[in-house]
Amino acid sequence: MGHPTIYPTGTTVYLPEKAWSGYTIFQAADTGALLIDMNGREVRLWKGLRGFPNKLFPGGYVLGSTAERDPRYGFQDEKNLVQVDWDGNVVWKFDRYEFIEDPDNAPQWMARQHHDYQREGNPVGYYAPGLEPKTDSGTTIILAHKNVTRPEISDKELLDDTIIEVDWEGNIVWEWAVSDHFEALGFDEAAREALCRDPNTRGFGTFAGDWMHINSASVLGPNKHYDAGDERFHPDNIIWDARETNITAIIDKQTGGIVWKLGPDFSGELAHIGWIIGQHHAHLIPQGLPGEGNILIFDNGGWGGYGAPNAEAPDGVKVARRDHSRILEINPVTLEIEWQYTPTEAGFQAPLDSYRFYSPYISSAQRLPNGNTLITEGADGRIFEVTRGHELVWEYISPYKNKRNSNMVYRAYRAPYEWAPQAERPVETAIEPLDVADFRLPGAAGRGPAAVVEVDGTAEYGEGALCVARSDETIAKEETKEQQP
């Protein structure tokens, strides 16, 4: 898809009377964790704090990591998970999941954290009334990596996804590995064969197949389904999604078993949903927010899944393809789509312009207290807020680029002003959407006035003549004649 070479960055749209105003935190490329207000003013930068992702907690605390494992030996492994205060001081740290001895690197303990984590007190890592994450105690759920050998899956080494729970002192008190539940994932024979041949080795130098690529893990928390007697939705249970297999699932915290699942097959009773491909940030909307109890998913599109070889995927890897994204809010009991945001709701013509809402990787969606949804269209560094009726009420384009000249944003979160009491509450100034058809840079020409001619298709000048162009001056003279007695 094509992009303009010049475009505005920062906040481009802000309608205070319709938006849910607060601070937004995200990873500003290689710079650090950045907190901005609704007008795009930079409130605080925690330089060097990596965001996989960054989360703002009450009291001005921020979570992230301070170092990445040498990518020659580990794919998307963070060395630690830390909590820092407003001034950047580390007040909590976990880095003792695995002792790593990489060539050319000093042996050291690492967390191998990636993509997500949740602190006790809040199930999803973003604001929900009455569900505040603990900042000086409590356990933390962490999505991590471990290299394993599983001949029943593939003869190649696997980069397995694990979910661990650690206490405040850093002790691991619970652990779950997805490879232990291979038979429950629902792969057909063609998918098994493709996965066995190539468990998504990627060619990044790790030589271990990133076969699932789980990218989110959150706790269900208190919810109406469990209150109604559905044990699958016990508040301690954990929901995760895997972008390489197109699977979203809930696991029983006590048994480890999979008790609810979407994918990898989207035929039959899931046909009305359509293929969910390469998804991110699947979570249960917390109690106290509009849509509570529904599952919110950023359905990336792009490529994902294992299965029978086809023209797009001759090796049977990444067999499902779609060149646009969707936000889906799904009732997990009825499996009905309760709300969605697709290129159509965004105002684009389908299918020709569907790619204009499209992030084939990263990205997220957060439900806000007023019913709006904050969306991170991560591939192009775009963060925006829409109403239930799909109106755009806030938009921000990140001006920060990484070493690959990309302004991508993995995931952004909106938090109330009260969570950062050290900052002075900002002045909220409306930014009305520009009419991009008429917007010009200084010195650039715009639309009209130009020499205008009317095309008259009634006059004929012999066979084959189609029309006559008449100047404004000629038209004016004829209108004057018609008005004369």
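Predicted model: local features only at pLDDT ≥ 70, side-chain atom pairs only at ≥ 80, totals over all residues.

Residues are numbered from 1 along each chain as its sequence is written, and side-chain values use heavy atoms, with hydrogens and water left out.

The protein has 31 strands and 3 helices; these are DSSP runs numbered from the N terminus, with at least two residues (E) for a strand and at least four (H or I) for a helix. Here are some overall values:

| Item | Value |
|---|---|
| C-alpha trace span along the principal axes | about 100 × 55 × 55 Å |
| Accessible surface of the protein | about 21,500 Å² |
| Carbon and sulfur part of that surface | 50% |
| Buried residues among the 485 residues | 54% |

Accessible areas come from the Shrake-Rupley method with a 1.4 Å probe, and buried means under 20% relative accessible area, counting protein chains only. As for contacts (heavy atoms within 4.5 Å), 58% of those between residues at least 6 apart in sequence join residues at least 24 apart.

Four strands make an open, antiparallel sheet in the order 5-6-7-8, where pairing takes at least two DSSP bridges between two strands. Strand 5 (50-57) and strand 8 (90-94) are its edges, each pairing on one side only. From one strand to the next, the twist averages 15°, with axes being lines fitted to C-alpha atoms and angles running from 0 to 180 degrees between N-to-C directions.

Strand 6 (residues 61-65) and strand 7 (residues 81-84) run antiparallel and are joined by 3 bridges. Val-62 has Val-84 in strand 7 as its bridge partner.

Technical notes:
Buried < 20%, exposed > 50% of the residue type's maximum accessible area, 1.4 Å probe, protein only.
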